[in-house]
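Dear colleague,

Please find below the structure that I am handing over to you. My notes on what was found in it follow directly after.

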Amino acid sequence: MTMQTRPAYASDGTPIVPRYTEHAERVAPAAMRERERAAADAAAGLARLEQIAAQQEFDTAKARLEAAREQVNAADTAHLTVWVRHWQHRVAP
C-alpha cells in the first residue's frame, strides 16, 4: 500500500508549497545581493584589520629600532667619554 502525500493547504484552500516557492523566488535575488554585500563588507573589514595589524607590527619594529639606536648611541657616548678621560690623563701634566 502506497501512501500519497498531498501538499499542505492554507485555510483559504491554496497550496502552501507553491506560495512559499513564489515568495522565495521573489525574495531570492534581494537575499543574494544582501549576502554578496555582507561578504564584500566582511572581506573589506578583514583587509582593514590586516592593514592595521601590519601597521602595528611596523610601528613596533620601528620603536625597537629606535630603542636599539639609542642604546648604541649611549654606549658610543660612554666609550668616547672613557677614551677622552683616559687621553686627558695621559696628556695632562
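The accessible surface of the protein amounts to about 8,800 Å², and 60% of that area belongs to carbon and sulfur atoms. Please keep in mind that this is a predicted model. Of the 93 residues of the protein, 1% count as buried. As for secondary structure, the protein has one helix and zero strands. This element, helix α1, covers residues 16-91.

One part of the surface deserves a separate remark. L80, W83, V84, W87 and V91 form a nonpolar patch there, and together these residues have about 520 Å² of accessible area. One of them, V91, lies in helix α1.

The charged side chains come next. Side chains of opposite charge can pair when their charged atoms come close. A search of the whole structure finds three salt bridges.

The side chains of E34 and R37 form a salt bridge, with a distance of 2.6 Å from N to O. Both residues belong to helix α1 and are three residues apart, which corresponds to about one turn of the helix.

How far along the helix are D41 and R37 from each other? They are four residues apart in helix α1, so about one helical turn separates them. D41 has a relative accessible area of 44% and is therefore partly exposed, since this class lies between the limits of 20% and 50%.

A further salt bridge links R69 with E66, and here the closest N and O atoms lie 3.9 Å apart. This distance still counts, because the cut-off for a salt bridge is 4 Å. R69 and E66 are three residues apart in helix α1, so they too are separated by about one helical turn. R69 is partly exposed, with a relative accessible area of 48%, and E66 counts as partly exposed at 38% relative accessibility.

You may then turn to the nonpolar patch, which includes W83 and W87.

With kind regards

Technical notes: Residues numbered from 1 in each chain as written. Predicted model: local features only at pLDDT ≥ 70, side-chain atom pairs only at ≥ 80, totals over all residues. Heavy atoms only, no water. Helix = DSSP H or I, 4+ residues; strand = E, 2+ residues; numbered from the N terminus. Buried < 20%, exposed > 50% of the residue type's maximum accessible area, 1.4 Å probe, protein only. Areas by Shrake-Rupley, 256 points an atom, 1.4 Å probe, with all protein chains shown as cover. Patch = residues over 30% accessible without salt bridge, like charges linked within 9 Å, V, L, I, M, F, W, Y side chains within 5 Å.
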